[in-house]
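Q: Could you take a close look at one part of this structure, the salt bridges, and explain carefully how the paired residues are placed?

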Amino acid sequence: MPLSTSRRAALLTSASLALLAGCGSSSDSSGGKSAPARVAVVASTDVWGDIARRIGGDRVDVTSVISDPDQDPHSYEADPQNQLALSKAKIVVENGGGYDDFVDHMLKGGHHGTAEVINAVDVSGKTAPEGGELNEHVWYDFPTVAKVADRISAALAKADPGDATAFTKNATAFKAKLAPLEAAEAGIKKAHGGEGIAITEPVPLYMTEASGLVNRTPAQFSEAVEEGDDVAPRVLQQSLALFSGKKVKALVYNEQTSGPQTEKAEAAAKAAGIPVVPVTETLPSGKDYVGWMTANVDALASALAK
């Protein structure tokens, strides 16, 4: 949902400070000599920033433009400090698919010929279904995340050949942690495949689809919520009937974009005794990517088991 002018200004200030901090240099405290330069990486959100940090370890400086769970990437407007960080980046990790267009606008407007740009949607190979829209939330698709991890590792190795072996090792270790998540999805599919769920936005659909679940929400409802538009009364009634009619086993709710219509859906689900599974688009405070996704999959499995 669009942010208020005052809220956006506050968030831009927060992001700017984070970017300035990410552009600092390091030194050796024992002799005053500068430490070997780390590879500067800019990620559009802390989701991809966390993954880059897991792979790069102490050989990277990662700046995540959006790192506040209350920020909405769809409506984010970048500022000159973002441009400064990008001008120093060797690697840029963006989501793509229209999710973080501010990165593309800045890359086109500045001089970033030396930065390697990794576009997660392009790496995924996913395209919009015929007559439909692309679901750009590819970080909920674990095979895509594994592909992006490999691309980040390769880009880091190109920027810092001396540490290529470490980057490959870190990427392999990170991908190994994705295997239990895919196994958990397979477990849900075995136990609950074909069961219906409702959503407020398409954010978790790659995860729910891999788990064999069927989204029964009218497309007009989730699309309107994602775009910050009003839901037509008829569509809202159809959506609420999913709960009163017990046609779904859970509501998977994007708690970063709540409003009157989504709150009505949440209230209707709770009134009908249908579990609500909250999800977010960016990392919750104190979580890394794997811990975050583990909690999401576990919460989904727990809700369906009720």
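A: What follows is a walk through some of the salt bridges, starting with one arginine and its partners. The model is a predicted one, and a search of the whole structure finds 9 salt bridges. Side chains of opposite charge can pair when their charged atoms come close. One of these pairs joins D160 to R59, whose closest N and O atoms are 3.6 Å apart. Because D160 sits in the loop between α6 (142-159) and α7 (164-192), while R59 sits in the loop between α2 (46-56) and β2 (60-66), this pair ties together parts that are 101 residues apart in sequence. D160 is buried, with a relative accessible area of 14%, and R59 is buried too, at 17%. R59 also forms a salt bridge with D163, and here the closest N and O atoms are 2.8 Å apart. Since D163 lies in the loop between α6 and α7 and R59 in the loop between α2 and β2, this second pair ties together parts that are 104 residues apart in sequence. D163, however, counts as partly exposed, at 21% relative accessibility, because buried means under 20%.

E266 is partly exposed, with a relative accessible area of 22%, whereas K270 is exposed, with 54%. Finally, D50, R54 and D288 are linked in a network of salt bridges, and D50 is also among the residues that Y289 touches.

How values were computed. Residues are numbered from 1 along each chain as its sequence is written. This is a predicted model: local features need pLDDT of at least 70, side-chain atom pairs count only at pLDDT 80 or more; totals for chains, interfaces and linings use all residues. Side-chain values use heavy atoms; hydrogens and water are left out. Contact means heavy atoms within 4.5 Å. A salt bridge is a side-chain nitrogen of Lys or Arg within 4 Å of a carboxyl oxygen of Asp or Glu. Helices (H or I, at least four residues) and strands (E, at least two) are DSSP runs, numbered from the N terminus. Buried means under 20% relative accessible area, exposed over 50%, partly exposed in between (1.4 Å probe, protein chains only). Lists of a residue's contacts leave out its neighbours within four places in sequence.
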